[in-house]
Amino acid sequence: MLTIDQATYDAIVAHARRDHPVEACGIVAGPEGSDRPERLVEMVNAAGSPTFYEFDSTELLALYKQMWAADEEPVVVYHSHTATEAYPSVTDIGLASEPAAHYVLVSTREHGNNDGPAEFRSYSIIDGVVTEEEVTVVPALPPIDAPSASS
């Protein structure tokens, strides 16, 4: 299950709408091993395509260096589909290289750049196997539990 705060959810949808008809893409980083999507990083679709996304390799390397230095990992890898449902394509499945990440797809096929409901779905993609997962949107992520005094 993906638990995501409302502000991050809204920002991902806004990015997808803003870039339509080109597929939008990005990563939400979080502390290693936490499954907490905390830091949204909008990326450039180097392919500039309405049917395909590709992270810019220089931008992606810089982001991974930042994440490594901050003990973060990609919690959510997202992109949009501009003309099809929010379901991973064969290409998307082939590009899924982060087994612990949630792969979020937003479809802008119905409303494009305009307001209106957006299809927002999340998947686990491990070794080519796609499993849809529940998405829970919360007002804010709960605080990280502090270690107890007895530990």
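**View 1. Strands β4 and β5 run side by side.** Strand β4 (residues 72-81) pairs with strand β5 (residues 102-107) in the parallel sense, over six bridges. Strands pair if DSSP finds at least two bridges between them. Strands themselves are DSSP runs of E with at least two residues, helices are runs of H or I with at least four, and both are numbered from the N terminus. Look for His81, which stands opposite Ser107 in β5.

This is a predicted model, in which local features need pLDDT of at least 70, side-chain atom pairs count only at pLDDT 80 or more, and totals for chains, interfaces and linings use all residues. Residues are numbered from 1 along each chain as its sequence is written, and side-chain values use heavy atoms, leaving out hydrogens and water.

**View 2. Here is the open sheet.** Its six strands come in the order β3-β2-β4-β5-β6-β7, with mixed pairing. At the edges you will find β3 (39-43) and β7 (129-133), each of which pairs on one side only. On average, neighbouring strands of this sheet are turned by 30° against each other, direction ignored.

**View 3. Now meet two helices beside the strands.** Helix α1 (residues 6-19) packs on the sheet and touches β2 (25-31), β3, β4, β5 and β6 (119-126). Contact means heavy atoms within 4.5 Å. The direction of helix α1 makes about 5° with that of β3. Helix α2 (residues 57-69) lies across β2, β3 and β4, and runs at about 165° to β3. For these angles, axes are lines fitted to C-alpha atoms (for helices, over the stretch in contact), and values run from 0 to 180 degrees between N-to-C directions.

**View 4. Zoom in on Val41.** This residue lies in strand β3. Is Val41 buried or exposed? Val41 is buried, because its relative accessible area is 16%, and buried means under 20%, exposed over 50% and partly exposed in between, with a 1.4 Å probe and protein chains only. Not counting residues up to four places away in sequence, Val41 touches Gly26, Ile27, Leu63 and Tyr78. Val41 and Leu63 are 22 residues apart in sequence and 8.4 Å apart in space, C-alpha to C-alpha.

**View 5. Finish at a hairpin.** β6 and β7 pair in the antiparallel sense over five bridges, and Ile125 stands opposite Val130 in β7. Two residues separate β6 and β7 in this hairpin, where Asp127 in the turn has a positive phi of about 50°.
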